[in-house]
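Open the model in your viewer, and let's walk through it together, one selection at a time.

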Amino acid sequence: MAQRESVRPGLERAGAREVSLTIPVASDMEIVATAQVAAMGEYIDMPHDKIDEIKLALVEACINAFEHAHTRDDRVHLTFRVGRDDDEGPEYLEVEVFDQGTGFDHEIVEVPTPEKTFGGKKKRGWGLQIIRSLMDSVAITSGEWGTRILMRKYK
Amino acid sequence: MSESCKIQLERRGDVAIFLTDGYINNQGGEEIARQAYAQLDAGARALILNLEKTRIVNSIGISILIEVLEKVMDRKGVLAFCSLTPTIDKTFRIMGLAQYAAIYPSQDEALRAVATAG
């Protein structure tokens, strides 16, 4: 796309390949945030199905933060990045979801299964599983300072 | 700004078809459940959820749809989904919904299938 190529080198020099957004812990704000995924995904011509997968992963990460983090500032801080691992590699869209909440140990979170969900009382708790299934890489760091989820999907 | 899910209901004999439009979260899921249970109480044997105009269903919305599916199965009814985006289809498979409910590419195919099921 000629127009985009003429614009991008200047943007890259200006460090404009990262966008930050802070959303309040409030109903439906996760959907507002997905608009940025669409914009960044379209910026790198990512297929729409992949953009939809990142949108859902972001929705799940935001919902987890809204419901479980008990954030000190009632905010969730989002950063959207596009880039490549190297000059020849495929472009990726990376989303960082950071909350200043109480943190959690993601290694002891019970992994849900359809067998436990159907017929059982506990139907929730699928957020992390969905994020891991939809994204190419997911890194979670958490402590008393809060939680950071870094998730990436390649074009 | 409202992202609430709109639901259009169509009844064809003992089949109730729900066409959803928008984000299915907890509120959207609960509204689908409310209308689905009303249709079951009104004699519907099969329910079809057409998600053609929905692009995101979050895990809470899906967990409510699973409750609807369990209730339909308890009543020996049929629940089918149709016109899912690839992402929704994938999420339904991750959560196991696809193991218990039929998924069809189009509403016509879902209607043909539920007409002979049950």
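Start by selecting residues 46–53 and 78–82 of chain B: these are strands E3 and E4, which run parallel and are joined by 5 bridges. Strands (E, at least two residues) and helices (H or I, at least four) are DSSP runs numbered from the N terminus, and two strands pair if DSSP finds at least two bridges between them. Click on Leu49(B) and you will find its bridge partner, Phe81(B), in E4(B).

This is a predicted model, where local features need pLDDT of at least 70, side-chain atom pairs count only at pLDDT 80 or more, and totals for chains, interfaces and linings use all residues. Residues are numbered from 1 along each chain as its sequence is written, chains are lettered from A and ligands numbered from 1 in the order in which they are written, and side-chain values use heavy atoms, leaving out hydrogens and water.

Now show the whole sheet: it is open, with 5 strands in the order E1-E2-E3-E4-E5 (chain B) and mixed pairing. Strands E1 (6–12) and E5 (102–104) of chain B are at the edges with a single partner strand each, so one side of each has no neighbour in the sheet.

Next, select residues 59–74 of chain B, helix H2, which lies across E3 and E4 of chain B at about 145 degrees to E4(B). Angles run from 0 to 180 degrees between N-to-C directions, with axes fitted to C-alpha atoms, for helices over the stretch in contact; contact means heavy atoms within 4.5 Å.

Finally, bring in chain A: its helix H3 (residues 48–68) packs against H3 (residues 86–94) of chain B at about 50 degrees, with the axes 8 Å apart.
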